[in-house]
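Could you have a look at this one with me?

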Amino acid sequence: MALPPFATAADLAAVTQADIAAEAAELALASASAVIRRWTRQTITRVVDDVVTLRVLTEQELVLPQRPVVSVSQVRVNGLVLQDWVLSGDRLLRTGGWRRLPGTTTYPDPGLVEVTYTHGWVDVPDDVRAVCLDLAAMSVTNPSGLRSVAIDDYSRTFAAETLGSGTLSDSHREILRDYRRRIGTVGLR
(Lines give C-alpha, C1' and ligand atoms only; values in the text may rest on other atoms or scores of the structure.)
Protein backbone atom coordinates (compact mmCIF):
# COMPACT_ATOMS: atom_id res chain seq x y z
CA MET A 1 0.00 0.00 0.00
CA ALA A 2 1.48 3.30 -1.08
CA LEU A 3 1.08 5.90 1.62
CA PRO A 4 0.33 9.52 0.68
CA PRO A 5 2.98 12.21 1.09
CA PHE A 6 2.65 14.63 4.00
CA ALA A 7 2.29 17.70 1.74
CA THR A 8 1.17 18.61 -1.76
CA ALA A 9 3.01 19.90 -4.81
CA ALA A 10 1.18 23.21 -4.36
CA ASP A 11 2.51 23.43 -0.78
CA LEU A 12 6.04 22.81 -2.06
CA ALA A 13 5.68 25.45 -4.79
CA ALA A 14 4.46 27.95 -2.18
CA VAL A 15 7.38 27.22 0.16
CA THR A 16 10.04 27.39 -2.56
CA GLN A 17 8.31 30.24 -4.40
CA ALA A 18 9.17 28.50 -7.64
CA ASP A 19 7.49 26.53 -10.39
CA ILE A 20 8.45 22.90 -9.90
CA ALA A 21 7.73 20.14 -12.39
CA ALA A 22 4.93 17.92 -11.04
CA GLU A 23 7.04 14.75 -11.25
CA ALA A 24 9.95 16.34 -9.38
CA ALA A 25 7.64 17.71 -6.67
CA GLU A 26 5.87 14.36 -6.21
CA LEU A 27 9.16 12.47 -6.01
CA ALA A 28 10.68 14.95 -3.53
CA LEU A 29 7.57 14.86 -1.30
CA ALA A 30 7.30 11.06 -1.43
CA SER A 31 10.98 10.73 -0.57
CA ALA A 32 10.79 13.24 2.28
CA SER A 33 7.70 11.50 3.68
CA ALA A 34 9.45 8.12 3.49
CA VAL A 35 12.48 9.50 5.38
CA ILE A 36 10.19 10.82 8.13
CA ARG A 37 8.23 7.55 8.35
CA ARG A 38 11.41 5.53 8.56
CA TRP A 39 12.89 7.65 11.36
CA THR A 40 9.66 7.87 13.39
CA ARG A 41 8.67 4.24 12.71
CA GLN A 42 5.14 5.57 12.18
CA THR A 43 2.84 5.87 9.15
CA ILE A 44 1.41 9.09 10.69
CA THR A 45 -1.43 9.32 8.13
CA ARG A 46 -4.75 7.57 8.93
CA VAL A 47 -4.89 3.85 8.16
CA VAL A 48 -8.27 2.17 8.61
CA ASP A 49 -8.53 -1.51 9.59
CA ASP A 50 -4.80 -2.16 9.56
CA VAL A 51 -4.03 -5.74 10.57
CA VAL A 52 -0.96 -6.37 12.69
CA THR A 53 0.26 -9.61 14.23
CA LEU A 54 2.04 -9.19 17.55
CA ARG A 55 3.86 -11.55 19.88
CA VAL A 56 2.89 -11.37 23.54
CA LEU A 57 5.82 -9.91 25.48
CA THR A 58 4.15 -8.96 28.76
CA GLU A 59 1.30 -10.76 30.46
CA GLN A 60 -1.05 -7.82 31.04
CA GLU A 61 -0.63 -5.50 28.04
CA LEU A 62 -0.11 -5.57 24.33
CA VAL A 63 1.42 -2.41 22.81
CA LEU A 64 0.10 -1.47 19.38
CA PRO A 65 2.91 -0.22 17.14
CA GLN A 66 1.23 2.73 15.36
CA ARG A 67 -0.09 5.87 17.04
CA PRO A 68 -2.42 7.47 17.70
CA VAL A 69 -4.74 4.50 18.03
CA VAL A 70 -8.24 5.56 17.01
CA SER A 71 -10.08 2.28 17.47
CA VAL A 72 -9.68 -1.50 17.61
CA SER A 73 -12.23 -3.55 15.71
CA GLN A 74 -11.00 -7.09 16.32
CA VAL A 75 -8.54 -9.07 18.43
CA ARG A 76 -7.84 -12.73 17.64
CA VAL A 77 -5.69 -15.29 19.45
CA ASN A 78 -5.23 -18.79 18.04
CA GLY A 79 -8.20 -18.16 15.71
CA LEU A 80 -10.46 -17.17 18.62
CA VAL A 81 -12.00 -13.68 18.58
CA LEU A 82 -11.55 -12.08 22.01
CA GLN A 83 -14.00 -9.57 23.50
CA ASP A 84 -12.51 -9.22 27.02
CA TRP A 85 -9.89 -6.55 26.30
CA VAL A 86 -9.76 -2.83 27.01
CA LEU A 87 -8.06 -0.20 24.87
CA SER A 88 -5.99 2.27 26.90
CA GLY A 89 -4.09 4.71 24.70
CA ASP A 90 -1.93 2.55 22.47
CA ARG A 91 -2.22 -0.55 24.68
CA LEU A 92 -4.63 -3.46 24.84
CA LEU A 93 -5.20 -4.71 28.37
CA ARG A 94 -6.74 -7.98 29.60
CA THR A 95 -7.51 -8.58 33.26
CA GLY A 96 -6.63 -12.26 33.05
CA GLY A 97 -3.60 -11.59 30.91
CA TRP A 98 -2.85 -12.53 27.34
CA ARG A 99 -1.93 -16.16 28.09
CA ARG A 100 -5.36 -17.19 29.38
CA LEU A 101 -7.97 -17.93 26.74
CA PRO A 102 -11.70 -17.67 27.54
CA GLY A 103 -13.32 -20.97 28.57
CA THR A 104 -10.06 -22.62 29.60
CA THR A 105 -8.49 -23.24 32.96
CA THR A 106 -5.01 -23.63 31.53
CA TYR A 107 -2.69 -20.91 30.37
CA PRO A 108 -1.59 -21.90 26.87
CA ASP A 109 0.93 -19.77 25.07
CA PRO A 110 -1.24 -17.72 22.69
CA GLY A 111 1.70 -17.32 20.36
CA LEU A 112 0.63 -14.45 18.20
CA VAL A 113 -2.19 -11.94 18.62
CA GLU A 114 -3.80 -10.52 15.48
CA VAL A 115 -5.23 -7.02 15.95
CA THR A 116 -7.30 -5.07 13.44
CA TYR A 117 -7.20 -1.38 14.26
CA THR A 118 -7.39 2.17 12.93
CA HIS A 119 -4.53 4.55 13.64
CA GLY A 120 -2.93 7.81 12.55
CA TRP A 121 -4.07 11.36 11.94
CA VAL A 122 -6.72 12.41 9.42
CA ASP A 123 -4.82 15.67 8.88
CA VAL A 124 -1.04 15.55 8.90
CA PRO A 125 0.26 17.47 11.94
CA ASP A 126 1.69 20.87 10.97
CA ASP A 127 5.17 20.15 12.34
CA VAL A 128 5.44 16.90 10.36
CA ARG A 129 4.27 18.71 7.23
CA ALA A 130 6.85 21.46 7.83
CA VAL A 131 9.72 18.96 8.08
CA CYS A 132 8.49 17.20 4.94
CA LEU A 133 8.37 20.47 3.01
CA ASP A 134 11.82 21.45 4.29
CA LEU A 135 13.35 18.16 3.13
CA ALA A 136 11.55 18.29 -0.21
CA ALA A 137 12.54 21.93 -0.77
CA MET A 138 16.19 21.00 -0.19
CA SER A 139 15.88 18.28 -2.83
CA VAL A 140 14.32 20.47 -5.51
CA THR A 141 16.25 23.71 -4.92
CA ASN A 142 19.69 22.10 -4.68
CA PRO A 143 19.40 18.64 -6.25
CA SER A 144 23.15 18.40 -6.94
CA GLY A 145 24.12 19.24 -3.36
CA LEU A 146 26.24 22.19 -4.42
CA ARG A 147 27.80 24.52 -1.87
CA SER A 148 27.76 27.47 -4.25
CA VAL A 149 27.15 28.40 -7.86
CA ALA A 150 28.90 31.25 -9.69
CA ILE A 151 28.32 32.45 -13.24
CA ASP A 152 30.02 35.67 -14.26
CA ASP A 153 29.02 38.27 -11.65
CA TYR A 154 26.15 36.14 -10.23
CA SER A 155 26.80 33.84 -7.29
CA ARG A 156 24.57 31.83 -4.99
CA THR A 157 25.72 30.11 -1.80
CA PHE A 158 23.64 27.42 -0.14
CA ALA A 159 23.45 27.07 3.63
CA ALA A 160 25.27 24.08 5.07
CA GLU A 161 21.89 22.74 6.27
CA THR A 162 20.68 22.32 2.68
CA LEU A 163 23.57 20.05 1.74
CA GLY A 164 22.95 16.34 1.77
CA SER A 165 19.24 16.74 1.14
CA GLY A 166 17.08 13.78 2.01
CA THR A 167 18.51 13.43 5.49
CA LEU A 168 17.06 14.69 8.74
CA SER A 169 19.03 17.34 10.57
CA ASP A 170 19.23 17.48 14.35
CA SER A 171 16.54 20.19 14.26
CA HIS A 172 14.27 17.96 12.21
CA ARG A 173 14.77 15.08 14.64
CA GLU A 174 13.94 17.34 17.57
CA ILE A 175 10.71 18.43 15.90
CA LEU A 176 9.75 14.81 15.14
CA ARG A 177 10.87 13.32 18.47
CA ASP A 178 7.33 13.13 19.92
CA TYR A 179 6.16 11.08 16.92
CA ARG A 180 8.96 8.52 17.11
CA ARG A 181 7.82 5.11 18.31
CA ARG A 182 9.69 3.95 21.35
CA ILE A 183 10.65 0.38 22.00
CA GLY A 184 10.08 -0.47 25.64
CA THR A 185 10.84 2.55 27.79
CA VAL A 186 13.97 3.63 25.94
CA GLY A 187 13.85 5.58 22.69
CA LEU A 188 16.33 4.41 20.08
CA ARG A 189 18.30 6.87 17.94
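1. Three bridges join strand S3 to strand S4 (residues 80-82), and the two run antiparallel. Two strands count as paired if DSSP finds at least two bridges between them. In this pair, valine 77 has leucine 80 in S4 as its bridge partner. The hairpin of S3 and S4 has two residues between the strands, and asparagine 78 takes a positive phi near 50° there.

2. Before you go on, note that this is a predicted model, where local features need pLDDT of at least 70, side-chain atom pairs count only at pLDDT 80 or more, and totals for chains, interfaces and linings use all residues. Residues are numbered from 1 along each chain as its sequence is written, and side-chain values use heavy atoms, with hydrogens and water left out.

3. Back to S3, which covers residues 69-77: S3 also pairs with strand S7 (residues 112-119), antiparallel over seven bridges. Look for valine 69, which stands opposite histidine 119 in S7.

4. Now find the open sheet of three strands, in the order S2-S6-S5 with antiparallel pairing. Its edge strands are S2 (61-63) and S5 (86-88), each pairing on one side only. From one strand to the next, the twist averages 25°. S2 and S6 (residues 91-93) pair over three bridges, and leucine 62 has leucine 92 in S6 as its bridge partner.

5. How do helices H2 and H3 cross? The axes of H2 (residues 22-40) and H3 (residues 126-141) come within 8 Å and cross at roughly 130°. Axes here are lines fitted to C-alpha atoms, for helices over the stretch in contact, and angles run from 0 to 180 degrees between N-to-C directions. H2 and H3 are therefore oblique to each other. (Under 35 degrees is roughly parallel, over 145 roughly antiparallel, 65 to 115 roughly perpendicular, and the rest oblique.)

6. Which residues of H2 and H3 meet? Ala24, Ala28 and Leu29 are among those in H2, and Val128, Val131 and Cys132 are among those in H3.

7. Finally, the overall picture: the protein has four helices and nine strands. From the N terminus on, the elements run α-α-β-β-β-β-β-β-β-α-β-β-α. Of the 189 residues, 34% are buried, meaning under 20% relative accessible area with a 1.4 Å probe, protein chains only.

Conventions:
Buried means under 20% relative accessible area, exposed over 50%, partly exposed in between (1.4 Å probe, protein chains only). Contact means heavy atoms within 4.5 Å.
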